[in-house]
Amino acid sequence: ILSSLWLNKFYYVFGFLALVLVILTVTCAEISVVMVYFQLCYEDYEWWWRSFFISGSSGVHLFLYSVFYFFTTLRIYSFWSGVLYFGWMFVLSYLFAIMTGTVGFLATFVFVRKIYSALKVD
């Protein structure tokens with residue numbers, strides 16, 4: 001996908017990309033729910049931001065991969081071209097982190113509401 005963005009190549013496999021997006025969404029939701037469940041088992045009830053950052057950390061991974069991609073694949077020697085590349089990849093990674101963090105938070109929010117609605121207080 002980065003080759004289609006930065007090397008003027010056309011990406012043809014949109015069906016596979018949609019499948020990967022579904023898998024990413026399910027994985028972010030599951031990881032956030034499991035990690036917050038462990039946190040709730042230890043009676044730490046401040047789960048709101050942690051559920052966001054657990055799945056939102058994939059944006060950090062995307063930015064680190066873009067650094068690796070810059071030094072191994074791209075042949076950019078101009079300083080300002082590098083600044084432009086890293087600036088746009090930072091914006092893209094930030095938006096990706098917001099997107100995946102929101103998915104993780106919403107899934108965890110639904111999960112916590114569901115498990116606490118099943119409690120019966122006598």
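Select Leu 2, Tyr 69, Phe 70, Leu 74, Tyr 85 and Met 89: these 6 residues form the largest nonpolar core of this predicted model. A nonpolar core is a set of buried Ala, Val, Leu, Ile, Met, Phe, Trp, Tyr and Cys residues joined through side-chain atoms within 4.5 Å; buried means under 20% relative accessible area, exposed over 50%, and partly exposed in between (1.4 Å probe, protein chains only). Helix 4 (58–72) and helix 5 (79–117) are the elements that give two or more residues to this core. Helices are DSSP runs of H or I, at least four residues, numbered from the N terminus.

Residues are numbered from 1 along each chain as its sequence is written. Local features need pLDDT of at least 70, side-chain atom pairs count only at pLDDT 80 or more, and totals for chains, interfaces and linings use all residues; side-chain values use heavy atoms, without hydrogens and water.

Next, centre on Leu 2. Beyond its neighbours within four places in sequence, Leu 2 is in contact (heavy atoms within 4.5 Å) with Leu 7, Tyr 65, Tyr 69 and Met 89.

Then select helix 2, residues 14–41. The buried residues of helix 2 include Val 33, Val 36 and Leu 40, and its buried residues pack against helix 3 (48–56) and helix 5. Just after helix 2, Glu 43 has a positive phi of about 60°.

Finally, select the cysteines Cys 28 and Cys 41. Cys 28 is buried at 7% relative accessible area, whereas Cys 41 is partly exposed at 47%.
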